[in-house]
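Here are my notes on the model, point by point. Please read them with the coordinates open.

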Amino acid sequence: MKLRKQVTVCGGAIFCVAVFSLYLMLDRVQHDPARRQSILQNRIEQLEQLLEENHQIISHIKDSVMELTDTGAVSPSGHLPFRSANGSWVLPFDGRPTFLAVKPQDCQFAVGNRGQADVQMLDVYSLLKFDNPDGGVWKQGFDITYEPDEWDNEPLQVFVVPHSHNDPGWVKTFDKYFTDQTQHILNNMVVKLAEDPRRKFIWSEISFFSKWWETADIHKQEAVRKLILGGQLEIVTGGWVMTDEANVHYFAMIDQLIEGHQWLERNLGITPRSGWAVDPFGHSATMPYLLKRANLTSMLIQRVHYSIKKHFASTRSLEFMWRQAWDTGANTDIFCHMMPFYSYDVPHTCGPDPKICCQFDFKRLPGGRINCPWKVPPKTVVEANIAERAHLLLDQYRKKSKLYRSKVLLVPLGDDFRYDKALEWDQQYINYQKLFDYMNTHPEMHVQAQFGTLTDYFNAVYKAHSIPQGSRPPEYPVLSGDFFAYADREDHYWTGYFTSRPFYKSLDRVIESHLRGAEILYSLAVANARHAGMEGRYPVSDYALLVDARRSVGLFQHHDAITGTAKENVVIDYGTRRATQDSLPQRTLIELDPAGPRYVVLFNPVEQERLCAVTVLVNTVRVRILTEDGQTVPVQLSAQWSSASQMSATFMARLPPLGLAVFHLYDSPDSPMTLRSDTLLRLPGRSVTARAGDPLPVRSQQADAQTFYISSQSLTLGFSGTTGLLESIKRKDDPREVKVQMQFMVYGTRPSKDKSGAYLFLPDGKAKPYNQKEPPVVRVVEGPLFSEVVAHYQHFQQTIRIHNVPGVDGLSVEITTMVDIRDQTNKELAMRLVTDIQSGDVFYTDLNGFQMQPRRHYLKLPLQANFYPMPSQAYIQDSHHRLTLHTAQSLGVSSLESGQLEVIMDRRLMQDDNRGLGQGLKDNKKTANRFRLLLERRSTGNKMTDSGTTSFPSILSHMTDAVLNHEVLALPVLPKRRGIPPLQTFAPLKSLLPCDFHLLNMRSIQSQQDPHSPSPYTALILHRLGLDCGLEVQNLGFNCTTTQGQLNVSGLFKNLDLQLLQPMSLTLMHSSTPLANDSTISLDPMEISAFKLKLR
């Protein structure tokens, strides 16, 4: 069930299985004379398409940029890489002009008008004092009063919603929770709900539910279907887990939602209506969008900053329509209910006074294992006390209802892993039913109370306003923005978990990229097999591996998993049970020998053509690399510092979108295109002796304080002579050198009682500069394809590399920081960028890799409150430049001064922070944090168009994010004794995908009969990106065209016929009328849409 052995399986086996079965199958399809002709045919089609596009370009010439790959000079020998007079490397001319044709209309979205929200979270932050006065019984709120006759004309409707919050791993592992508690909760549920049709219950986590279902007998399964049909049991949200919302990437948020919904559709035939998120630590605006796209009508959230809850309660804005900040109308609105008090447990859900509410948690009756901390225990409801008890409870209900606009009240009744014993079912349901019966038979109380499901509550709200489900009730506010950062009391901000256990945050994203790649290749392989009439020969049994991988990735999105807030043994359980979980995937050594070539298959998971530098490990310097059609490619050899017998061979590859390309590696003494890196060690002090060891020469010199530089055809970087860290970036086309200074800082934690832990960041003041006694050893590597500077410090090693290739790969700076703080105590290591960009107090962070959210640094808030999650990027900007830090793993980020960006890299904390975990963070691993730093210049005459509530990356920034998150996968072919393996380039796309489209997934849909084999259908999930066109566009290295959101799906895939094109809801539960197969689909900017395809 867990990311156990599947981690590497999913990354490796599925991948290889998908790739090689695809190969063998394609090979059978393609061994025919017609193949050459079809290639010619394709070339002609491409030419015709290019001509057509050229017509468009000429008409848009003033809005488009046309660039040729700039070679800068002609080499004396004609085609070899060589060093020009100014010291820069010149590569063989790639010779492919590339163009950019972004239609002006596709730039309008970023500057257009927005649908106005009544409540903008940025404004709420500006408005609030964030003070914390004592509010009386409701500590963080205020006294609530009411007039006794308020309900005379319209009685109060109360829905008490029993629930049990089941964490798929936290202080126990998933399996241990299931065995100890979850299975008993669900077994008892079947029996106890059946005893009285008025009883209700809600359930959320499908990971647990599906495990229970598999062991339940046919009678239990039937009983569950009956309970659901009768409205007694409701599945809420219905995701595989109740996902974290800060660190997760939208690919995985959607994937775990699909996995849960597909399971529900197949086993129970139901579609969830309402979202339930009581435990994620802060809430993202991406979630309401995804739920809306999945056709849910309402949602509930709970963990929101106590000052914001109080403000919303005082303005009766706790229920609102949540709208995307970028929405131009009201299309994204979804009805949202925010719980008003401290927690989702019983003491904090019946009303404002926990001392009273606790008396109505009948699991805490005297004699049980838990009691009420307020020292007044519950009493069993009997004839003698029922009047007093009912009036006491109704008083709480009435007070709570004063915070909302309708006379319908939601009262959750539950807590973590509740209802695991039959006794508790009886205690809660029997006592509450007595109270309801009493209230409902006393008309002078003006109340109608009952058990309900979450949707029962929402439906009653809509009915009270006489509006359709999911509509906006009159006068209810519209809100846009998000709910980070979360504080539950005092200055206890939950901003530590944005970084906690970064090793696993990083591993998660690698596996997600592998899973997406495997899904896409699998779907294409099965479709190609069908097309060739070879269905029977394709191993569909691989599908079970994909299902396992989906579920492992889904489980890790849980709000105690990716967050880094589970116990150490649970973390290991989420990881693998093998040694591989101690390190990220390693490159495989390709052993060359003179007897014959080795082959490597490269997979490009990005949906655009990719020109990039790829690195493989080889055992000799005598390496020559050829493309499939026999062209020798430039190779740069560099030392593998961990091993004397291995070399890194970096070569330039042009790869088809979502395609596979084969390269041949020879052991060859004569390879003029293979060049060795020039390595210089800058050593501190006098002891300047480096072994000028073969096979790769190393020079050394004594370090001095003078700035030194490395450069490529696009960038020149300056480094400090003393620290070896980045100082400046200069773009080739920009006369100005921009200060971008890298610093490392250290935070401690408070000396007093409350200290930082897995959840909380409670620093002991501002960060102090990291320092070590000895100056660092700095390694400078230069060569034709890349140059890099590596600075070795005691607790980290930072590599800054630039690629000397045209296009996306060469336009940003690659940063890898290997962090190891295992010998530290209560320390957090931060990487800070200090620039001269005049960004003021504004910075931008992404939400879930889906959208950008403007942030402001507030002095009125404590330092830790100014940190936000950074799943994929953060940027600062002024009227001249934008500097974006793209990240390959989620980390906490802030901008504490104008011109700064700061990222927490890792945290080692020796104590628990009193949020139930009972442990500190002491299981740190050596972790590689990977980034791309992109400096962009604003086009002249293009002022910043950001409205203050929205902002969008440029096309180059979107592509940089894609190449960082979806690295090229190099898959060495196992050495065979005889013959050339029948491998060929596989380029699945027949036409270009518009470059503002991201192919989020192509997911084979499971068969209704057998969940472990695929149906003939595939889900195509597309996201149209929002673009900021106000930044100068450079040569992207591929042909980039936009089409105003239009796409012809039937013309997209080569050699495949489209037999069904059906728009679906995001999780494939609701379908629209199928479109004609040759239809053009249309997406608005930012829209995510799903389609059911039948390809063969």
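At what angle do helix 15 and helix 16 pack, and how far apart are their axes? The points below start there. Keep in mind that this is a predicted model.

1. **Helix pair, geometry.** Helix 15 covers residues 502-531 and helix 16 covers residues 543-556. They pack at an angle of about 150°, and their axes are 10 Å apart. Angles over 145 degrees count as roughly antiparallel, so helix 15 is roughly antiparallel to helix 16. The crossing of helix 15 past helix 16 is left-handed.

2. **Helix pair, contact.** Helix 15 contributes Tyr504, Asp508, Ile511, Glu512, Leu515, Ala518, Glu519 and Tyr522. From helix 16 come Tyr543, Leu546, Ala549, Arg550, Val553 and Phe556. What is the make-up of this contact by residue class? Ten of its residues are nonpolar, four are charged and none is polar. Among the residues of the contact are Asp508 and Glu512 on helix 15, and Arg550 on helix 16.

3. Strand 27 spans residues 715-719 and strand 28 spans residues 726-731. Five bridges pair them in the antiparallel sense.

4. **On to strand 29.** Strand 28 also pairs with strand 29, residues 738-747. This pairing is antiparallel and has two bridges. Ile729 faces Val738 of strand 29 across the pair. Strands 28 and 29 form a hairpin too, with six residues between them.

5. In what order do the strands of the open sheet run? The order is 19-22-17-44, with antiparallel pairing. Strand 19 (623-627) and strand 44 (969-972) are the edges, each pairing on one side only. On average, neighbouring strands of this sheet are turned by 30° against each other, direction ignored.

6. **Strand 17 against strand 44.** Strand 17 covers residues 598-603. Four bridges join strand 17 to strand 44, and the two run antiparallel. Val601 stands opposite Leu971 of strand 44.

Note on methods:
Residues numbered from 1 in each chain as written. Predicted model: local features only at pLDDT ≥ 70, side-chain atom pairs only at ≥ 80, totals over all residues. Heavy atoms only, no water. Axes fitted to C-alpha atoms, helices over the stretch in contact; angles between N-to-C directions. Parallel < 35°, antiparallel > 145°, perpendicular 65-115°, else oblique. Left-handed = near helix turned anticlockwise from the far one by under 90°. Contact = heavy atoms within 4.5 Å. Nonpolar A, V, L, I, M, F, W, Y, C, P; charged D, E, K, R; others polar. Pairing = 2+ DSSP bridges.
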